[in-house]
Amino acid sequence: MAAQPAPALGARTTKATKTTVRPGDRIFLGLSRGSGILLLVIMAAIAVFLTVRAAHALSVDEGNFLTTFDWKANADPPVFGIAVLAFGTVVSSLIAMVLAVPVAVGIALFISHYAPRRLAAPLSYVIDLLAAVPSIVYGLWGALFLVPHLGGLYGWLDEYFGWTGVLAYHGGAARSLFTIGILLAIMILPIVTSVSREVFLQAPKMHEEAALALGATRWEVIRTAVLPFGRSGVISASMLGLGRALGETMAVATVLSPSFLISTSLLDPGGGTFAQNIASSFKESGETGKDALIASGLVLFVLTLLVNGAARMIIARRKEFS
């Protein structure tokens, strides 16, 4: 009887293989699926609660909620708007991102590719430790140390860039949106650094060694092999830091001198943010005032969702580097 020829390499078998699902796998699948569904339910419940309470506040508001500069939610009739709060939140967060992200990426690259192991390990530990410092500690440090020592920097900015109007300094305590931006940059620096460092450490070593074998310098290796691989991770780390900057409360409330005015100069005292206004106004607010604060919280909630959605879209467009 002639022997049957062996099947070709890579040929599919027609006989289905029966797999047995263990009870532990079923339990883990159920818990994972339930956790995801529970998270969606919690998010939906938060959105419904904020929307219902915000609708009541907006129904009695005598001003335009989006463009009014005043916040007199406890007056009769109530007049309040988020123009100043939205401006202060976005501007201070953008200042923090501009100052923190380049420095954080540089520190992450130094730890992952330049520093010797004896220095990289303790430096990484210090960075991770800074990320765990409570925000009120940063706020006290900012109020007692940072604000009194920013006069020289503000004077220098006014001397060389005051002609722009945006960096004009007219004296007074440095309790401005620019100071808040510096403080928020210091606060989000450890978060962005830690995540970026871990991403850079995951860059394929074969790519780096291949670039070195072709005669590339250390910077050329980082530019061609490390940064493209870690780009999506850096974006994710930046959005994580931006989320903290947008919602930071106690540090901002401790340092900022709030006022419902929008100044052309970022160095002038005044301004406000959503989280700071909620923290400072909630205690003395009545029923309508609390609903107005919840309405501003809803705007911050939506703004955070939009930021994270934009980050997801940016990362999705760069899947080849993921």
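Predicted model: local features only at pLDDT ≥ 70, side-chain atom pairs only at ≥ 80, totals over all residues.
Residues are numbered from 1 along each chain as its sequence is written, and side-chain values use heavy atoms, with hydrogens and water left out.

**Aromatic rings**

- A pair of aromatic rings is described by the distance of the centres and the angle of the planes.
- Rings of Phe, Tyr and Trp (its six-membered ring) pair if their centres lie within 6.5 Å; planes under 30 degrees apart count as stacked, over 60 as edge-to-face and the rest as tilted.
- Under that rule there are eight aromatic pairs.
- One of them joins Trp 71 and Phe 80, a tilted pair because the ring centres are 5.3 Å apart and the planes stand at 55°.
- Trp 71 is buried at 15% relative accessibility, and Phe 80 is buried at 0% (buried means under 20% relative accessible area, exposed over 50% and partly exposed in between, with a 1.4 Å probe and protein chains only).
- Trp 156 and Phe 161 form an edge-to-face pair, since their ring centres are 5.7 Å apart and their planes meet at 65°.
- Trp 156 counts as partly exposed at 42% relative accessibility, and Phe 161 is partly exposed at 34%.
- Phe 65, Trp 71, Phe 80 and Phe 260 are linked into a cluster by ring pairs.
- Arg 218 sits over the face of Tyr 114, 5.7 Å from the ring centre (the rule asks for NZ of Lys or CZ of Arg within 6 Å of the ring centre and within 35 degrees of the ring normal).

**Helices that pack together**

- Helices (H or I, at least four residues) are DSSP runs, numbered from the N terminus.
- Axes are lines fitted to C-alpha atoms, for helices over the stretch in contact, and angles run from 0 to 180 degrees between N-to-C directions.
- Helix 10 (residues 274–281) packs with helix 11 (residues 287–316) at an angle of about 155°, their axes being 10 Å apart.
- This makes helix 10 roughly antiparallel to helix 11 (angles under 35 degrees count as roughly parallel, over 145 as roughly antiparallel, 65 to 115 as roughly perpendicular and the rest as oblique).
- The crossing of helix 10 and helix 11 is left-handed (the near helix is turned anticlockwise from the far one by less than a right angle; clockwise would be right-handed).
- Residues of helix 10 that meet helix 11 include Phe 274 and Ile 278, and among those of helix 11 are Leu 293 and Leu 300 (contact means heavy atoms within 4.5 Å).
- Helix 1 (residues 23–60) and helix 11 have axes that come within 7 Å and cross at roughly 130°.
- Helix 1 is therefore oblique to helix 11, and their crossing is left-handed.

**Two residues of helix 6**

- Arg 197 belongs to helix 6 (residues 177–201) and is buried, with a relative accessible area of 6%.
- Not counting residues up to four places away in sequence, Arg 197 touches Ala 108, Ile 111, Ser 112, Ser 124 and Asp 128.
- Phe 178 is also found in helix 6 and is buried, with a relative accessible area of 14%.
- Phe 178 and Ser 93 are 85 residues apart in sequence and 9.8 Å apart in space, C-alpha to C-alpha.
- Beyond neighbours within four places in sequence, Phe 178 has contacts including Ile 95, Tyr 154 and Leu 266.
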